[in-house]
Amino acid sequence: MKKVQRTLAAALAAMMLMALAGCSKGDVTKEVNSGLSDLKAQAAEPAVEPQTETPAEPKTDAASEPASEPAAEPEPEATAEPAPASAPAENPDYPSAAGLNTQTLEAFGTDFTLVLNVTCPDQGWYKSATSFGDLKLFPTEDPSHIFSGDPRITFELKSGLDKINYYYDSFENVEELTPRTIGGVEMAGRTYKNVGMWWTEYYGEMPTGGWLAIKISGVDIDPGTEGDTILNSVTFG
C-alpha cells in the first residue's frame with residue numbers, strides 16, 4: 001500500500017512539473033494515464049508478505065560443552081586362589097603305614113613266627129590290610145589305585161631256604177649282591193627279573209626259626225633314600 005501511495009505522489013509531481021514546463025494538455029493526460037495504469041498493475045499484484053527469518057540455532061562452542069567423563073577403567077579380575085591339595089583318597093584295603101608298624105609273620109604250614117617292627121615315613125606309604133604271612137609296603141600318592149606291578153617292599157617268612165628259592169629257575173639276569181645286615185641279622189643279597197618286574201632281595205635265617213625274605217621292587221634303597229631308611233629301621237621282637 002505504501003508503494004502505491006509513493007507511485008501516485010510521483011505521478012502528481014510529474015504533472016505539476018510538466019505544467020510548469022509548458023507541456024501540452026495532451027502530454028499531461030498521457031502521463032497521468034500511464035501513471036494510473038502502473039498503479040492498477042501494481043495493485044493487481046499480490047502483496048508479498050515479508051518472510052520471517054528463522055533464527056539460526058546458536059552454535060555450540062566445543063570448548064563450552066562439558067567435558068565427557070573419562071571411561072571407567074575395568075577393575076582387575078580377582079585371581080582365584082589355588083585350591084588346596086586334596087588329601088589322598090582313603091582305601092580300607094591299604095591303610096596308611098606312617099610311623100611304627102608291628103606285625104607277626106607266620107611261615108605257612110609251620111610253627112615259625114617272627115615279630116617284625118618297621119618304621120615308615122609320615123606320608124606317602126601304605127600297607128596291605130590283609131596278610132598272608134607277609135607285610136607289603138607301598139610308596140604311592142593314591143592308595144585307591146594300587147596294582148600288582150606297583151613299587152613295593154615285601155617281608156615274607158618262609159620255612160626254609162628251599163621255599164625262598166622255589167621260583168629260582170624262573171629268575172632272569174640273577175646277580176649276587178654284597179650281604180647286608182638288617183635288624184641285626186646278616187642277609188645275602190641278589191637282584192633278578194621275575195614276572196616282568198625287577199627285584200632286589202635280601203634273605204637270611206632268623207634266630208627264632210624260619211627264613212625271612214625282603215623283596216624290593218621299584219623302590220630306591222640307595223643310602224639316604226626312604227627305602228634305605230625303612231630297611232635300617234627294621235627290628236625283630
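Residues are numbered from 1 along each chain as its sequence is written. In this predicted model, local features need pLDDT of at least 70, side-chain atom pairs count only at pLDDT 80 or more, and totals for chains, interfaces and linings use all residues, while side-chain values use heavy atoms, with hydrogens and water left out.

The protein has 4 helices and 10 strands (DSSP runs numbered from the N terminus; helices are H or I with at least four residues, strands are E with at least two). Along the sequence the pattern is α-α-β-β-β-β-β-α-β-β-β-β-α-β.

Strands E1, E2 and E10 form an open sheet of 3 strands in the order E1-E2-E10, with antiparallel pairing (two strands pair if DSSP finds at least two bridges between them). E1 and E10 are the edge strands, each pairing on one side only. E2 and E10 pair over 2 bridges in the antiparallel sense, and asparagine 117 stands opposite threonine 235 in E10. Helix H4 lies across E2 and E10 and runs at about 140° to E2 (axes are lines fitted to C-alpha atoms, for helices over the stretch in contact, that is, with heavy atoms within 4.5 Å; angles run from 0 to 180 degrees between N-to-C directions).

| Element | Residues |
|---|---|
| Strand E1 | residues 99–106 |
| Strand E2 | residues 113–120 |
| Helix H4 | residues 226–233 |
| Strand E10 | residues 235–236 |

Of the 237 residues, 30% count as buried (under 20% relative accessible area, 1.4 Å probe, protein chains only). The accessible surface comes to about 16600 Å², of which 54% belongs to carbon and sulfur atoms (Shrake-Rupley method, 1.4 Å probe). Among contacts with a separation of 6 or more, 49% join residues 24 or more positions apart.

Note on methods
Buried means under 20% relative accessible area, exposed over 50%, partly exposed in between (1.4 Å probe, protein chains only).
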